[in-house]
Amino acid sequence: MSEGSTDDDQVLAVLREVMDPELHDNIVDLGMVRSAYVQDRTAHVTIALTTAGCPLRATIKRDCESRVLALNEVEKVQLHWDELTAEERTRVMERARSHARSSAAPTQIPARTRVMAVASGKGGVGKSSVTVNLAAALAAQGFIVGVLDADIWGFSVPRMLGVESRLNARPANSNEDRAKIIPMERPEGTGLIKVVSTGLMVDTEETALMWRGLMLAKAVEQFLHDVDWGELDYLLIDMPPGTGDVQMALARLLPQAEMLVITTPALSAQKVAVRVADMATRSHMPVLGVIENMSAFVTPDGKSWAVFGEGGGQRLADEIGVPLLGSIPLETAVSTGGDSGRPVALDSGPASEAFREIASLIVNEISPPIDMEQCSASSMAEVPVTLRNN
Ligand SMILES: Nc1ncnc2c1ncn2[C@@H]1O[C@H](COP(=O)(O)OP(=O)(O)OP(=O)(O)O)[C@@H](O)[C@H]1O
Ligand SMILES: [Mg+2]
């Protein structure tokens with residue numbers, strides 16, 4: 001980058017006031033300004049965008065031009081566009097994440113909690129089924145797992161986990177300004193599942209309708225601020241189908257959130273990949289991997305029927321450059337388990353095994369629990385020992 005003369009430095013200084021509207025940081029510190037110099041009273045600025053077709057290009061252009069033109073010695077601005085390399089893009093995202101982390105409002109979610117948003121590029125592919133089954137499999141391994149049902153009016157988590165009573169609240173303590181909601185708890189083996197969903201708040205259709213009027217993002221924000229989650233190793237978030245504002249709110253409130261993408265074997269990877277990549281970029285949430293659901297149906301005698309096609313999970317994973325974490329077969333027990341409130345992951349069979357394998361992969365490789373025991377800020381003393389060591 002050209003930083004030689006005072007003029008050039010002044011150009012850089014004003015460019016530092018130009019924010020990338022999605023990444024919430026200035027374009028200079030994000031490393032998006034390739035060069036900036038003044039020659040014959042014309043400022044030449046080269047900006048590399050995350051993607052060439054970035055829809056925010058016009059905003060950035062307007063902002064750059066107006067600021068640079070305000071400089072005395074500049075009469076004209078020549079903007080040149082470039083695209084960040086994959087490596088640069090990763091660096092930019094990391095920077096944006098760490099920036100968001102340092103400026104995020106505190107939530108009730110402990111900093112050590114691994115947060116995974118279960119999302120998809122298309123509805124009805126099994127996000128909720130995967131969320132509750134992974135939660136059950138992780139809890140069965142002894143972890144404390146929160147499940148936040150971010151599908152505010154399409155909630156299905158309470159039924160799928162067999163948790164039905166209304167949520168309770170406890171009074172505010174001395175350093176809180178209002179009462180806190182207590183999640184419903186479902187012990188599982190040596191672990192524990194904590195559930196919060198609008199399904200546990202509404203009594204009647206009318207109250208459900210009231211929630212309908214509420215901004216989605218606002219409801220999610222309340223679930224993070226007004227719920228006393230206590231200790232959590234993992235927080236799984238069942239995302240509503242295709243709503244950008246919830247993703248954005250989550251990323252803002254929980255900068256540690258990462259995304260698990262669910263797809264079926266049939267989906268045309270390219271179309272879905274564009275949507276998923278867009279979702280990840282808009283929220284700057286890294287994608288941990290893809291889980292294929294409704295894969296080949298396996299008969300008891302071992303025959304395999306690819307009812308919904310084949311290979312969609314791998315294609316999507318390749319397309320967005322992340323690992324395929326596993327494939328869940330199509331199995332009646334997944335849906336009956338969902339209806340009866342006992343996730344199939346707690347029983348046996350091919351789908352159950354697949355869920356448990358993915359949970360182990362998460363724990364051992366993809367997103368291992370953060371152990372704060374060596375950390376001076378550890379609050380592990382508050383975790384009931386019985387829950388962790390049994
Ligand atoms: N592997 C599977 N085998 C059999 N049935 C399944 C499987 N996965 C999901 N289902 C069933 O498919 C339906 C849709 O699943 P689910 O509700 O989990 O999807 P979703 O992505 O959360 O949907 P939405 O976008 O509406 O929130 C449910 O009836 C569920 O029981
Ligand atoms: Mg769902």
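Me: What covers the buried residues of helix 12?
Reply: The cover includes helix 4, strand 14, strand 15 (297–298), strand 17 and helix 11. Helices (DSSP runs of H or I, at least four residues) and strands (DSSP runs of E, at least two) are numbered from the N terminus. Two residues are in contact if their C-beta atoms, placed from the backbone, lie within 7 Å.

Me: Which residues of helix 12 are buried?
Reply: Helix 12 spans residues 350–366, and its buried residues are P350, A351, S352, A354, F355, R356, I358, A359 and I362. A residue is buried if 20 or more other C-beta atoms lie within 10 Å of its own, exposed if 12 or fewer, and partly exposed in between, with C-beta atoms placed from the backbone.

Me: What kind of model is this, and how do the labels work?
Reply: This is a predicted model: local features need pLDDT of at least 70, side-chain atom pairs count only at pLDDT 80 or more, and totals for chains, interfaces and linings use all residues. Residues are numbered from 1 along each chain as its sequence is written, while chains are lettered from A and ligands numbered from 1 in the order in which they are written.

Me: OK, overall: how many helices and strands in the protein chain?
Reply: The protein chain has 13 helices and 17 strands. Of its 390 residues, 40% are buried. Take the contacts with a separation of 6 or more: 76% of them join residues 24 or more positions apart.

Me: Ligand 1 next. Which residues come nearest?
Reply: G123, K127, S128, S129 and S335 come nearest, out of 21 residues around ligand 1. A residue is near a molecule or strand if its C-beta atom, placed from the backbone, lies within 6 Å of it.

Me: Which elements give two or more residues to that shell?
Reply: Helix 4 (127–140), strand 14 (287–295) and helix 11 (332–340) do.

Me: And by class, what does the shell have?
Reply: There are 7 nonpolar, 11 polar and 3 charged residues. Ala, Val, Leu, Ile, Met, Phe, Trp, Tyr, Cys and Pro count as nonpolar, Asp, Glu, Lys and Arg as charged, and the others, Gly among them, as polar.

Me: Sheets now. In what order do the 8 strands run?
Reply: The order is 10-11-7-12-6-13-14-17, in an open sheet with mixed pairing. Two strands pair if DSSP finds at least two bridges between them. The edge strands, strand 10 (184–188) and strand 17 (324–329), each pair on one side only. The twist averages 20 degrees from one strand to the next. Axes are lines fitted to C-alpha atoms, for helices over the stretch in contact, and angles run from 0 to 180 degrees between N-to-C directions.

Me: What packs on that sheet?
Reply: Helix 10 (residues 312–320) does, touching strand 13 (258–263), strand 14 and strand 17. Its direction makes about 165 degrees with that of strand 14. In helix 10, G312, G313, R315, L316 and A317 are buried. Just after helix 10 comes G321, with a positive phi of about 70 degrees.

Me: What do strand 10 and strand 11 form?
Reply: They form a hairpin with 2 residues between them, and G189 in the turn has a positive phi of about 55 degrees. The two strands pair in the antiparallel sense over 5 bridges. P187 stands opposite L192 in strand 11.

Me: Switching to helix 7. Which residues are buried there?
Reply: A217, V220, F223 and L224 are buried in helix 7 (residues 216–225). They cover an arc of only 115 degrees around the axis, which puts them on the same side of helix 7. The arc is that of the directions from the helix axis to the C-beta atoms. Their cover includes strand 7 (144–149), strand 11 (191–196) and helix 8 (244–253).

Me: Last one. Where does D40 lie, and is it buried or exposed?
Reply: D40 lies in the loop between strand 3 and strand 4. D40 counts as exposed, because it has 6 C-beta neighbours inside 10 Å. Its phi is positive, about 50 degrees, although it is not a glycine. M294 also has a positive phi, near 65 degrees, and is a residue other than glycine. M294 lies in strand 14. With 27 C-beta neighbours inside 10 Å, M294 counts as buried.
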